[in-house]
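Please take me through this structure step by step, telling me what to select next in the viewer and what is to be found there.

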Protein chains: 2
Amino acid sequence: VQPTTPQPVKSHLSFQERSQLANCNKMAQKLFRLMSEKKSNLAVAADLTTKAEVLKLADAIGSEIVVLKTHVDIISDYDEDFVKQLKALSEKHKFLIFEDRKFADIGNTVKYQYQSGVYKISEWSDMVTVHAVAGPGIIDSFKDSVLQKECGLLMLAQMSSKGSLCVGEYTQQVVEMAKQNQDCVMGFICQERLSNMPEHFVLMTPGVQLNNTADTLGQQYNTPDYIVQEKSTDVIIVGRGIYQSQDPKSEAHKYRTIAWDSYEKRLSK
Amino acid sequence: VQPTTPQPVKSHLSFQERSQLANCNKMAQKLFRLMSEKKSNLAVAADLTTKAEVLKLADAIGSEIVVLKTHVDIISDYDEDFVKQLKALSEKHKFLIFEDRKFADIGNTVKYQYQSGVYKISEWSDMVTVHAVAGPGIIDSFKDSVLQKECGLLMLAQMSSKGSLCVGEYTQQVVEMAKQNQDCVMGFICQERLSNMPEHFVLMTPGVQLNNTADTLGQQYNTPDYIVQEKSTDVIIVGRGIYQSQDPKSEAHKYRTIAWDSYEKRLSK
């Protein structure tokens, strides 16, 4: 017998209400509250390759966003000063820092990749992404330090890239793994809300642009309104649509307004 | 109709013969030749957290191995001098450098993670690991620079950790993706040879120890003889069994001898 695939469903609860459901996970709760207070469900992917560019972007758009998503391993002049400055900006503008590391190794290795090395990600990131492909040991490896540092894990349940294997039964196993570790897993990276995803998890969706098209390397885009209203995920992650624009600040404001309106429309239906 | 799962099969061709089949991939060919010449099918995972420890290990065991596997992102004092010294050791002892990065993002991001940032992996690694989870765009993103740098991609077809989702249909899709990109994909990280894996691919297996047990974070171990003779993969990757021993040099020699004997027994059957 084939397992029944859960259907997409809409969430009609407010972020405020969901923050109360998210007692099990401090970072999910913190993000739900921040979204309610700031009236923003916008995350920006700062996929830039120098300290100065990332910091300039973060300062310009900080007041519009709830989360800044980084790939510190593409920054050529990364150093501890970068982290210090980024932290200061996150406090100034009240956003959370999300290192999109996509951990995908066995537990013993991931433990070191998270805590040690040049980046010491555990010391400054509020949330990090984890692939389920290596099995549940990868979560066990984080558990102690995640709980201690109050960092949230985001598990990749679906990806925005063409031909991804993160689908069907794989997605279901990710959701199960997250449910069994809800103290450290704060939510999912996904393309839609599925009926078996409890509302205490935050759903974040990359591959969002107002001008929905595709790049030449398999990335596929959807619009903010489609993702938040139709697909019922919570946070849109916008990269090139904002950081490649002439005026990132006003572009971020535009995305923020559309994404928040879409969320309010979803609630009222 | 369910697809038929390919069965495990043995390879009875020598590495010398397979180097001739591997015309399609320069790094696979190079590794097959090196194994024949050096009479070694041992790779060591240097999962140590300082430059000095990794370099000391590489110098001690370099003559026994064909591949040194690194995780540069767990080395706390990593710098360009480390790469220079490691390169010098790889030439002195004739081994290849395998950065086990487990790339697992969309193509546009992976391109930067491979070429840029602090590590500039493309400048010094002979081979790197890639997860298929994000879809074939991840391979497209490497293609140009991989072919230019003569680097080989190793795709994760199976993992040694408990509860891995890298199984069944997922594994089959990885094999198909590799076949369609055999100019840059040199082989697989796997636990067994499957009948649909052509012999020009190199098969490498982690999670190998003489004392087969498990760790507390989901890693499961098999013996060298079981992996090479019964499961018919080519290169054993040994980590803690060697670098945590009192005498890594003589322990590496022991593993090398057993793994090579197992390979010769497989050929003679």
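Which residue of chain A forms a salt bridge with Asp73(B)? Select Asp73(B) in this predicted model, and the partner to show beside it is Arg101(A), with the closest N and O atoms 2.7 Å apart. Arg101(A) lies in strand β3 of chain A, while Asp73(B) lies in the loop between β2 (67–70) and α4 (80–93) of chain B, so the pair joins two chains. Both Arg101(A) and Asp73(B) are buried.

Stay at this boundary and select Lys102(A) together with Asp105(B), whose side chains meet in a salt bridge at 2.8 Å, N to O. This pair also crosses between chains, running from the loop between β3 (96–103) and α5 (107–115) of chain B, where Asp105(B) sits, to strand β3 of chain A, which holds Lys102(A). Asp105(B) and Lys102(A) are buried.

Now display the whole interface, where 50 residues of chain A are in contact with 50 residues of chain B. The area buried between chain A and chain B is about 3,800 Å², and carbon and sulfur atoms give 60% of that area. The rule finds four salt bridges across the interface of chain A and chain B, and it finds 14 residue pairs in polar contact there. If you colour the elements of chain A, β3 (96–103), α5 (107–115), α6 (137–149) and α7 (168–179) each supply at least two residues of the side that touches chain B. The largest share of that side, six residues, comes from α5(A).

How are the two chains related? A rotation of 180° with 0.0 Å of shift along its axis superposes chain A on chain B, with an RMSD of 0.0 Å, and that is the relation of a two-fold axis. The same surface serves both copies, since 100% of the contact residues of chain A recur in chain B. To find the axis from chain A, select Ala104(A), which of the residues of that chain comes closest to it, at 3.6 Å for the C-alpha.

Around Met204(A), leaving aside its neighbours within four places in sequence, the residues in contact include Ala43(A), Phe98(A), Leu154(A), Phe188(A) and Val235(A).

In chain B, go to Asn181(B), which has its place in the loop between α7 (168–179) and β6 (185–189). Asn181(B) is buried, with a relative accessible area of 8%, and its side chain reaches the backbone oxygen of Met177(B) at 2.7 Å. Not counting residues up to four places away in sequence, Asn181(B) touches Ile139(B) and Lys143(B).

Most residues other than glycine have a negative phi. Lys120(A), however, has a positive phi of about 40° although it is not a glycine, and Ser232(A) has a positive phi of about 60°, again without being a glycine. Lys120(A) is found in the loop between α5 and β4 (127–130), whereas Ser232(A) is found in the loop between α8 (224–230) and β8 (235–238). Are these residues buried or partly exposed? Lys120(A) is partly exposed, with a relative accessible area of 25%, whereas Ser232(A) is buried, with a relative accessible area of 0%.

How values were computed:
Residues are numbered from 1 along each chain as its sequence is written. Chains are lettered from A and ligands numbered from 1 in the order in which they are written. This is a predicted model: local features need pLDDT of at least 70, side-chain atom pairs count only at pLDDT 80 or more; totals for chains, interfaces and linings use all residues. Side-chain values use heavy atoms; hydrogens and water are left out. Copies are superposed by least squares on the C-alpha atoms of residues with pLDDT of at least 70 in both. Contact means heavy atoms within 4.5 Å. Buried area is the accessible area (1.4 Å probe) that two parts lose on being put together, summed over both. A polar contact is a pair of N or O atoms within 3.5 Å; within protein, one must be able to donate a hydrogen and the other to accept it, and residues adjacent in sequence count only if both atoms are side-chain atoms. Helices (H or I, at least four residues) and strands (E, at least two) are DSSP runs, numbered from the N terminus. Buried means under 20% relative accessible area, exposed over 50%, partly exposed in between (1.4 Å probe, protein chains only).
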